[in-house]
Amino acid sequence: MIYFKILFKGVCLIAFAGFLWYTFDATVLSRSDCSYYQYKTYPFWSYAAILSGEESLIIENILNVALFLPIGFLLCCLLDKRKWRIALMFGFSFSVCIEFLQLVWKRGTCEFDDIFHNTLGCMIGYGIYKCIEYVIISVCGRYAAQKIK
């Protein structure tokens, strides 16, 4: 059973690192350069814009949440102590790094809304993991869940 645990952690680590790279590439590296700095300092501006009729921002907000779902989920798979604070801080920190680099390298718009939605997605991914863990414990018993951890 120890080999399964090591294999499981290894696969999760590879998936986690790969998804972090994919996220960084999609949000920073693969974007085209802009000649000026783009930023929005008004928190939750996208919600005001949605209420004003810019419905395309609904999809953008949902995609920002969805982008970080796997990060929160895979982070829980890697950690022995699955604390929500770790997922919150990692999601927030990684998102701040992305937004900061978008601003400095002039590759996208740096905005608070993206940080909020990315962090929310990481926390939802954490919640999905905890729900699955709860179902496994409820159905299979605590012994089976301990073997998976």
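## Aromatic pairs

In this predicted model, a search of the whole structure gives 10 aromatic pairs. Rings of Phe, Tyr and Trp (its six-membered ring) are paired if their centres lie within 6.5 Å; planes under 30 degrees apart are stacked, those over 60 are edge-to-face and the rest are tilted. A pair of aromatic rings is described by the distance of the centres and the angle of the planes.

Trp21 and Phe24 make a tilted pair, with 6.0 Å centre to centre and 45° between the planes. Both residues lie in helix H1, three residues apart, about one turn of the helix. Trp21 is exposed, at a relative accessible area of 52%, whereas Phe24 is buried, at 17%. Here buried means under 20% relative accessible area, exposed means over 50%, and partly exposed is in between (1.4 Å probe, protein chains only).

Phe44 and Phe112 make an edge-to-face pair, with 5.3 Å centre to centre and 90° between the planes. This pair links distant parts of the chain, 68 residues apart: Phe44 is in the loop between strand S1 (38–40) and helix H2 (45–51), and Phe112 is in helix H5. Phe44 is partly exposed, with a relative accessible area of 34%, and for Phe112, also partly exposed, the value is 34%. Phe44 has a phi near 60°, a positive value in a residue other than glycine.

## Basis of the values

Residue numbers start from 1 along each chain as its sequence is written, and side-chain values use heavy atoms, with hydrogens and water left out. As the model is predicted, local features need pLDDT of at least 70 and side-chain atom pairs count only at pLDDT 80 or more, while totals for chains, interfaces and linings use all residues.

## Overall layout

The protein has six helices and two strands, in the order α-β-α-α-α-β-α-α from the N terminus on. Helices (H or I, at least four residues) and strands (E, at least two) are DSSP runs, numbered from the N terminus. The C-alpha trace spans about 55 × 30 × 20 Å along its principal axes.

Of the 149 residues, 34% count as buried. Contact means heavy atoms within 4.5 Å. Among contacts between residues at least 6 apart in sequence, 78% join residues at least 24 apart.

## Nonpolar core

The largest nonpolar core has 18 residues, and Phe16, Phe68, Ile71 and Phe94 have the most contacts inside it. H1, H3, H4 and H5 are the elements that give two or more residues to this core, and H3 gives the most, with seven residues. A nonpolar core is a set of buried Ala, Val, Leu, Ile, Met, Phe, Trp, Tyr and Cys residues joined through side-chain atoms within 4.5 Å.

Phe16, leaving aside its neighbours within four places in sequence, is in contact with Ile71, Leu74, Leu75, Leu78 and Phe90. Ring pairs also link Phe16, Phe68, Phe90 and Phe94 into a cluster.

## Largest pocket

The largest pocket holds about 200 Å³ of space. On a 1 Å grid over the protein atoms alone, a pocket is an open set of points where a 1.4 Å probe fits, with protein on both sides within 12 Å along at least five of seven lines; lining residues have an atom within 4 Å of a point. Grid points are joined across faces, edges and corners, and a volume is the space filled by probe spheres set on the points.

The lining has 14 residues, with Thr27, Arg31, Glu60, Asn64 and Asp114 nearest the centre of the pocket. At least two lining residues come from each of helix H1 (2–29), helix H3 (56–78), helix H4 (84–104), strand S2 (109–111) and helix H5 (112–140). H3 supplies the largest share, four residues. By class, four lining residues are nonpolar, five polar and five charged. Nonpolar covers Ala, Val, Leu, Ile, Met, Phe, Trp, Tyr, Cys and Pro, charged covers Asp, Glu, Lys and Arg, and polar covers the others, Gly among them.

Arg31 is in the loop between H1 and S1 and is partly exposed, with a relative accessible area of 35%. Leaving aside neighbours within four places in sequence, Arg31 is in contact with Ala26, Gln102, Arg107, Gly108 and Thr109.

Lys106 is in the loop between H4 and S2 and is partly exposed, at 23% relative accessible area. Phi of Lys106 is near 55°, a positive value in a residue other than glycine. Arg31 and Lys106 are 75 residues apart along the chain, and their C-alpha atoms are separated by 9.2 Å.
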